[in-house]
Amino acid sequence: MSRKRGKTNNGLPSRWRQRHGAYYYRVPPGLESQWGGLTEYRLGATLGEAASEWAKRMRIAERPAVYIRELLERYAIEVIPTKAAATQRGDTLALVNLRKVFGNMRLEDLEPRHIYKYVDTRMNKQGQKSRATGVHETRVFKHAFTKAVEWGLIPRHPFKGEVRLKGAKPRNRYVEDWEIVEALSLVPKRKSGSVLMLQAYIRVKMLIGIRRGDMLRLRMSEITDAGITVRPHKTANSTGLVRTFEWTPALRTAVDMALAARPVDIAPWLFCTKRGEGYFNEDTGQASGWDSMWQRFMARLLKETQIAERFTEHDLRGKVGSDAESLERARELLGHADSKITERVYRRKPEIVRPLR
């Protein structure tokens, strides 16, 4: 009887497992000679290294996939490692659920009706129907079949252009000016650290509106006489252009406050921990320490100020997009290539319309 896979190994290809900071392959009995006489072969420290070594040894590209589980396995090996860490984690979990439902189906048997049924019946971790989860997983599934066409496994995509799913509605929480004033007025308990750092962060964010990941990646070397240089991480390989925000008196003051709030002076990051480290973990794509600090800050705001509804760090980006004098100005600040996403997600402020008479 086979053992149930641990949560750490869910989503990994068959017989893979992660332990001691590396990925390993459990060699099937009788095939040890093909793997250096080992019963467990170390593939690599990162998912990318492991995928490369696995593909080299298995020559997976030469093995035609017949079943969807085989396509998803190849997708996990060749495509998932090329994505950002946070995306890798979410997409890997999606593959787990997709494999459970579609794994034993042949590639050519998938039809649009299967996709609609999957989304309509998808459940979340709490056992409740979750259309948003199903929609996300379907996007991963769609890309896997796009790769199947590219790899020559099937002649055409079985549901691209034939399945139209509405995603979750964008957040519409608009942070009012007085709420920002309240947040910046919260009295810190220390002369440096979390509250002062978050208040300085809010000031900088409200002026340049860049993504959380880019804010937390800001280095002291990128703060120059010309301004603040921002290297967008999310779109670095597509539309992302390096931008420099010129100094204004307000931006200079906000950055000075951020510098004063740092717990250590020699750290290379504008926003840093007591140990002088950055908050963003590139390996996991998370900033858990920063998120915890934000939640504690928000709890104090709800308790000690007039703010009655939580707002997220991302809502601040929405406020920047909403308060810009025009859609084009909002697009420029937020760094979008297309103003459609700016208008749909980030223009949250009610439009004021002058009556006819």
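Which residues does His 114 touch, not counting residues up to four places away in sequence? His 114 touches Phe 102, Met 105 and Asp 109, where contact means heavy atoms within 4.5 Å.

This is a predicted model, in which local features need pLDDT of at least 70, side-chain atom pairs count only at pLDDT 80 or more, and totals for chains, interfaces and linings use all residues. Residues are numbered from 1 along each chain as its sequence is written, and side-chain values use heavy atoms, with hydrogens and water left out.

**The chain**

The chain has 13 helices and six strands. Helices (H or I, at least four residues) and strands (E, at least two) are DSSP runs, numbered from the N terminus. Of the 357 residues in the chain, 43% are buried. Buried means under 20% relative accessible area, exposed over 50%, and partly exposed in between (1.4 Å probe, protein chains only). Among contacts between residues at least 6 apart in sequence, 52% join residues at least 24 apart.

**Two residues**

Tyr 67 sits in the loop between helix H1 (47–58) and helix H2 (68–78), while His 114 belongs to helix H4 (residues 112–121). The table gives their accessibility.

| Residue | Relative accessible area | Class |
|---|---|---|
| Tyr 67 | 27% | partly exposed |
| His 114 | 17% | buried |

Not counting residues up to four places away in sequence, Tyr 67 touches Gly 103, Asn 104, Met 105, Arg 106 and Leu 107. From Tyr 67 to Gly 103 there are 36 residues in sequence, and their C-alpha atoms are 6.7 Å apart in space.

**Helices H7 and H9**

Helix H7 (residues 194–208) packs with helix H9 (residues 249–261) at an angle of about 155°, and their axes are 8 Å apart. Axes are lines fitted to C-alpha atoms, for helices over the stretch in contact, and angles run from 0 to 180 degrees between N-to-C directions.

By class, the contact of H7 with H9 has 13 nonpolar, no polar and one charged residues. Ala, Val, Leu, Ile, Met, Phe, Trp, Tyr, Cys and Pro count as nonpolar, Asp, Glu, Lys and Arg as charged, and the others, Gly among them, as polar.
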